[in-house]
Amino acid sequence: MHTQTLALDRLDQPGARQWPRYVLTGLAIFIIGLFLLLPLAAVLIEAFSEGWDLYVQAINDRYTWEAIKLTLLVAAVVVPLNTVFGIAAAWMIARFQFTGRGALTTLIDLPFSISPVIAGLIFVLVFGAHGWFGSWFAEQGFPIIFAVPGIILATLFVTVPFVARELIPLMQEQGSEEEEAAIALGAGSWTMFRKITLPKIKWGLLYGIILCNARAMGEFGAVSVVSGHIRGQTNTLPLHVEILYNEYNFTAAFAVASLLAGLAILTLVLKSLVEWQQARSLERATQ
Amino acid sequence: MSFFRKPLLAFSASVLLAASVAGPAQAEDISLLNVSYDPTREFYQEYNKEFADWYKAESGDSVTIEQSHGGAGKQARSVIDGLPADVVTLALAYDISAIGERTGKLPADWQTRLPNNSAPYSSTIVFLVRKGNPKNIQDWDDLTKPGVEVITPNPKTSGGARWNYLAAWSYVLKKELGDLSKLDNPEFADEVKAAEQKATEYVTKLYKNVPILDSGARGSTTTFVKHGLGDVLLAWENEALLAVNKLSQGEFDIVVPSISILAEPPVTVVNGNVEKKGEGAVEAAEAYLEYLYSPVAQQLAAKHYYRPVFEHFADKEDLKRFPNVTRVTVQDVFGGWQNAQKTHFNDGGVFDAIYLPQ
């Protein structure tokens with residue numbers, strides 16, 4: 001951090017060549033504008049192209065509400081589960097040496113490297129009517145695929161890495177001295193976790209949760225495979241956007257898309273806040 | 001399940017559904033799932049309301065019909081994999097038969113259960129071209145000319161795409177043989193073989209002109225209409241009429257080829273699924289499909305650009321929109337859908353041999 005500031009100071013000195021800086025900054029702004037801001041603006045413009053009333057009407061539709069509810073439900077189940085799993089996995093990997101540790105670390109990354117379509121198909125193969133367990137679950141009156149449980153499973157799979165990936169490097173870097181000290185001083189493991197571990201990882205954890213939530217609400221590929229696209233029943237927000245688009249309801253499609261875009265922006269704002277907090281707490285710790 | 005009584009969380013909805021499967025048949029509130037193909041969205045949206053009102057008055061039961069749409073092949077695949085369709089209204093008979101064969105959820109003779117091979121409406125394949133027909137596309141032969149981009153979906157997943165392909169094939173056979181009855185006559189075996197060779201060459205060239213294969217008919221229409229790709233869209237007549245009349249008036253023209261195919265999208269009850277929901281649901285599902293043949297529904301079908309089986313129920317104005325087309329049948333040219341599917345679209349079939357993605 002310190003050397004970086006020094007290098008920048010040197011760039012500011014008279015005589016230093018200025019143009020590379022401007023060119024690079026300009027290029028970055030241009031690329032961000034072209035690939036990020038322009039599409040976002042297009043979504044909003046298209047969404048409001050027929051006025052505010054139609055926008056509200058598009059959102060205030062029975063099926064849109066069902067899609068919003070389902071999306072929130074999926075996130076409400078998936079995010080806590082993956083948070084608990086992420087903490088547990090990161091704890092194991094960062095604090096203990098055991099055989100298969102490397103393999104576990106790689107496995108957690110698996111959903112990142114697998115195409116979401118494959119992720120969805122895996123569940124169809126396992127829980128579909130002709131899958132390994134599918135007919136048994138269907139007979140119990142609790143179908144998995146083409147029903148809400150399948151959507152939750154697929155989303156769970158796709159979002160597994162977010163929290164764990166955030167915590168593993170953080171916890172490895174922090175080391176375990178303070179925790180060992182706490183144990184030596186007689187703290188139980190829960191007390192140690194609550195008073196020592198959690199405060200140290202909280203910003204990283206929050207960061208992971210935010211990313212996990214964003215993906216859980218926005219996942220399309222894997223969910224599309226297991227959903228069955230039943231309106232009002234197994235239709236999440238991203239799938240609903242596709243349906244509306246396919247029905248030539250372009251305004252409605254973009255109106256619903258703008259909800260997802262709004263969610264993305266909110267996520268970014270929260271993420272920046274968390275990053276800022278994290279930097280501050282780091283600063284305080286080093287002082 | 002009415003909207004207000006519907007539980008907040010879809011999760012509990014599926015639990016409720018499970019409970020109603022186990023419990024005694026409740027006749028008051030029935031929820032049915034209609035798994036359909038791509039372009040029927042608008043028609044069923046309107047028909048479902050009509051039917052629910054009529055059925056409520058008729059029997060006192062409230063029926064909510066949920067819809068699922070997609071390429072017909074893909075939709076059939078989903079039902080086979082467990083999508084709990086109570087009725088299927090797909091693009092072609094083969095896909096429905098496949099559901100019966102793989103799951104045993106409907107009888108082999110399902111197509112005889114309703115009039116007209118269980119197809120309450122029919123359609124055909126036409127060409128949609130850009131205004132003024134700049135590439136001067138008049139008939140099937142024009143599609144294979146160099147520089148003509150043809151938009152059609154993937155026959156592996158889409159029903160409409162298979163009708164497109166079979167219509168093209170029929171055109172060549174008819175052109176080469178003159179009389180399609182030669183197909184069944186062993187005397188002309190050599191001539192038929194030569195004609196089939198020509199047809200293979202034709203579809204090979206045709207699909208060389210196809211830049212993208214969407215998974216369903218609706219995807220192809222969007223590609224052509226909204227994204228502006230291609231010179232000609234091979235489309236369901238109803239999709240083409242919808243594009244011309246509703247989407248963007250004055251931007252497209254319909255070209256009717258010299259010969260096309262009689263496309264019959266059939267409907268049937270998936271007994272194995274709906275019976276789990278009880279007597280009331282079975283009755284409602286059967287009524288739902290039978291009512292498709294009623295004057296109201298036939299009129300509605302014509303309004304949404306499907307050719308009704310009973311034309312006299314339709315509005316005269318609506319009927320005027322259907323051009324005169326010579327339509328051959330799958331039975332006459334291919335000996336039924338089972339044969340057509342096996343020869344052309346299954347793995348290792350003609351389509352696999354001729355289609356090379358570029």
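Let me start with the largest cavity: in chain B, α2 (41-59) and α9 (237-247) each supply at least two residues of its lining. Helices here are DSSP runs of H or I with at least four residues, strands are runs of E with at least two, and both are numbered from the N terminus. This is a predicted model, so local features need pLDDT of at least 70 and side-chain atom pairs pLDDT 80 or more, while totals for chains, interfaces and linings use all residues. Residues are numbered from 1 along each chain as its sequence is written, chains are lettered from A in the order written, and side-chain values use heavy atoms, without hydrogens or water.

A cavity is a set of points, on a 1 Å grid over the protein atoms alone, where a 1.4 Å probe fits but cannot get out; lining residues have an atom within 4 Å of a point. Points are joined across faces, edges and corners, and volume is the space filled by probe spheres set on them. The count is 5 cavities of 30 Å³ or more.

The largest has a volume of about 60 Å³. α9(B) gives the largest share of its lining, 3 residues. Among the lining residues are P39(B), R218(B) and Y306(B). Domain 1 (2-122 + 264-319) and domain 2 (125-262 + 325-354) of chain B each provide at least three lining residues, with bounds from an automatic or database domain assignment.

The second largest cavity has a volume of about 40 Å³. Its lining takes two or more residues from each of α6 (159-177), α8 (217-225) and β7 (232-236) of chain B. β7(B) gives the most, 4 residues.

Technical notes: On a 1 Å grid over the protein atoms alone, a cavity is a set of points where a 1.4 Å probe fits but cannot get out, and a pocket is an open set with protein on both sides within 12 Å along at least five of seven lines; lining residues have an atom within 4 Å of a point.
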